[in-house]
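I opened my notebook to go through this one piece by piece. Here is what I looked up, in the order I looked it up.

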Amino acid sequence: MSASGAVVTSVAVGFVQVLVIGIGGLLLVGLMRKVRSHLEGRVGPPIHQPMLDLRKLFTKERVRPDHASWIFPAGPVVLVATVVLLAAISPLLTIHPPIKHGADFFVVVFVLLIGSVVLALAALDPGTPFGGMGASRAMTIAALTEPALLVAILALSIPARTSDLSSLVRIGLIHPQLIASPGRILALGAFVVVILAESGRLPIDNPSTHLELTMIHEAMVLEYAGSDLALVTLGEAMRLSFLVALLVNLFAPWGVATRPGAPALVIGLVALAGKVALTGMAIATFEVFTAKLRLFRVPELLAGGFVLAVFASLTALVVR
Amino acid sequence: MSGPVFSGSLELAAGVVLVCAAVTLWRRSLNAIVKTLAIQGLALGAVALVLGIHQHDGGLIAVACFVAVAKGAAIPTLLRRVVRSDPTSREAAPLINVPASLVGAGALTLFAFATTAPVTTLLPTTAGRLIPIGFATLLIGFFAMTVRRKAVSQIVGLLLVDNGIALIAFLATSGVPLIIELGVSLDVLLVVVVLRVLATQMGSRFGGFDLDQLRELHD
């Protein structure tokens with residue numbers, strides 16, 4: 001294959017991955033709502049309802065606060081851009097992502113953080129009390145999840161001696177016994193806590209509430225309308241599906257394409273969709289049986305995640 | 001039992017012991033704390049069982065069964081009765097709040113791994129490398145005893161210390177002789193019975209289990 005042909009293929013792979021994360025993210029949100037409704041004895045909206053919502057939002061008039069600066073419209077765009085970038089370069093469908101060694105774990109963490117910080121700044125920008133409250137809460141939680149995430153990464157990187165995501169996924173495929181090691185299991189616990197916090201799911205934040213006392217993420221995006229709100233919704237859905245896809249690929253990498261070519265990619269797509277859907281259904285089932293934690297109890301849960309991460313990396317260091 | 005399966009299951013059981021120690025600091029409900037202690041007792045039994053099967057040591061397997069019954073069932077049942085007689089049955093206000101004590105548990109674990117490094121270099125087997133986990137459990141137990149106020153949580157702290165010592169004993173010496181292990185476990189069982197009587201007396205005299213409210217001894 002010529003050099004230009006390889007470039008075209010890798011760009012195509014990146015493009016497919018972005019599409020999968022975008023459409024899959026919306027379907028994942030719809031699926032989780034559907035599972036939730038079923039368990040609560042309701043019929044619930046169809047699974048593609050988030051797509052219909054998104055189409056409606058894009059046609060609506062865009063209203064922006066009078067005193068908002070350029071940060072306010074930039075927030076949703078940056079949020080979506082960060083996830084698009086990560087979805088393109090990460091090993092989701094195949095372990096040969098477009099940029100070799102581009103998807104380092106630390107890069108992923110900090111690019112995700114850029115999205116959260118810009119969204120918090122955009123929430124502060126119009127000067128409304130809800131935006132400020134939501135931003136302060138979101139940043140408190142981010143400050144607690146970030147160390148847990150970084151320490152949990154160590155637990156995966158120490159045995160593999162790399163923090164490159166493609167290598168981590170490949171090592172999981174070659175040495176399946178590493179996946180069941182105690183360090184990995186502890187790290188999985190820490191990752192689950194972090195992902196629930198980062199994507200604003202139930203024990204930490206209720207994605208479907210608009211009650212001023214409890215909301216975190218919804219308070220931040222209260223001022224957005226029309227296509228801005230559509231971008232925020234899309235960004236959040238993509239973020240959730242990206243995090244879940246990364247989690248399943250790190251801890252259950254079976255099915256991901258190891259060879260180039262369309263058939264392997266299709267198998268990778270089916271496997272990824274199945275695993276992500278199962279995980280999403282598990283999260284939704286868990287959410288039905290959980291109540292939101294009081295805001296003052298959230299640090300306890302996140303400190304628990306941090307301790308799990310510390311244990312995980314210590315065990316990884318000792319066991320080796 | 002083959003090499004990787006042996007080391008994997010030993011690591012897993014020892015890891016469960018450590019995580020249970022942290023969970024006792026994390027939970028506030030006394031019922032949940034006692035349940036966690038029961039799981040830890042079973043994991044400790046599993047450690048002894050894995051070692052016993054690996055070394056084809058019938059005595060150690062018998063010890064494992066005894067530890068699992070005593071620490072996984074008998075002691076938790078006794079404690080659960082005390083908890084049931086407590087009207088609040090929650091650790092309402094520990095001296096150090098939960099996030100800080102969890103971070104403290106992480107720091108103690110780091111300390112344990114740092115200080116037992118010479119021991120692990122002396123004993124470079126799978127079991128030897130896991131000794132820091134036992135030491136960390138022991139330290140977390142001491143920590144739980146100092147920061148918790150309720151009688152039951154302090155007993156649980158004491159039992160964590162005991163479990164940590166037992167784990168170190170299993171890992172370092174591949175199991176103490178059966179008779180010593182029986183003696184130690186029965187000793188602990190007796191301590192729990194005495195503490196249970198004491199706690200019940202406290203409950204009926206003062207209507208509470210908060211040890212900080214006891215300033216002096218009365219007859």
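This is a predicted model: local features need pLDDT of at least 70, side-chain atom pairs count only at pLDDT 80 or more; totals for chains, interfaces and linings use all residues.

I began with burial, and for that I counted a residue as buried if 20 or more other C-beta atoms lie within 10 Å of its own. With that cut-off, 50% of the 320 residues of chain A come out as buried.

**Entry: the make-up of chain A.** I went through the secondary structure next and found 12 helices and 0 strands in chain A. Read from the N terminus on, the order of elements is α-α-α-α-α-α-α-α-α-α-α-α. I then checked the radius of gyration, which is 19 Å for chain A; the globule rule gives 20 Å for 320 residues, so chain A is as compact as a globular protein of that length. Along the principal axes, I get a box of roughly 55 × 45 × 45 Å for the C-alpha atoms of chain A. I looked at contacts in chain A with a separation of 6 or more as well, and 79% of them join residues 24 or more positions apart.

**Entry: one helix of chain A.** I picked out H5(A), which covers residues 129-160 and so has 32 residues by its DSSP run. From first C-alpha to last, H5(A) reaches 46 Å, close to the 46 Å expected at 1.5 Å a residue.

**Entry: where the chains touch.** How many residues of chain A are in contact with chain B? I found 17 on chain A, against 19 residues of chain B. On the chain A side, helix H8 (182-198) and helix H12 (298-319) each supply at least two residues. H12(A) gives the most, with 12 residues. Sorted by class, this side of chain A has 12 nonpolar, 4 polar and 1 charged residues.

**Entry: a helix pair in chain B.** I finished with H4(B), residues 98-115, and H7(B), residues 131-147, whose axes come within 8 Å and cross at roughly 145°. Is the crossing left-handed or right-handed? I have it down as right-handed. From H4(B), the residues that meet H7(B) include Gly104(B), Leu108(B), Phe111(B) and Ala112(B). Among their counterparts in H7(B) are Pro132(B), Phe135(B), Leu139(B) and Phe143(B).

Key:
Residues are numbered from 1 along each chain as its sequence is written. Chains are lettered from A and ligands numbered from 1 in the order in which they are written. Axes are lines fitted to C-alpha atoms, for helices over the stretch in contact, and angles run from 0 to 180 degrees between N-to-C directions. Helices (H or I, at least four residues) and strands (E, at least two) are DSSP runs, numbered from the N terminus. A crossing is left-handed if the near helix is turned anticlockwise from the far one by less than a right angle, and right-handed if clockwise. Two residues are in contact if their C-beta atoms, placed from the backbone, lie within 7 Å. Ala, Val, Leu, Ile, Met, Phe, Trp, Tyr, Cys and Pro count as nonpolar, Asp, Glu, Lys and Arg as charged, and the others, Gly among them, as polar. The expected span of a helix is 1.5 Å times one less than its number of residues. The radius of gyration is taken over C-alpha atoms; the globule rule is 2.2 Å times the number of residues to the power 0.38. A residue is buried if 20 or more other C-beta atoms lie within 10 Å of its own, exposed if 12 or fewer, and partly exposed in between; C-beta atoms are placed from the backbone.
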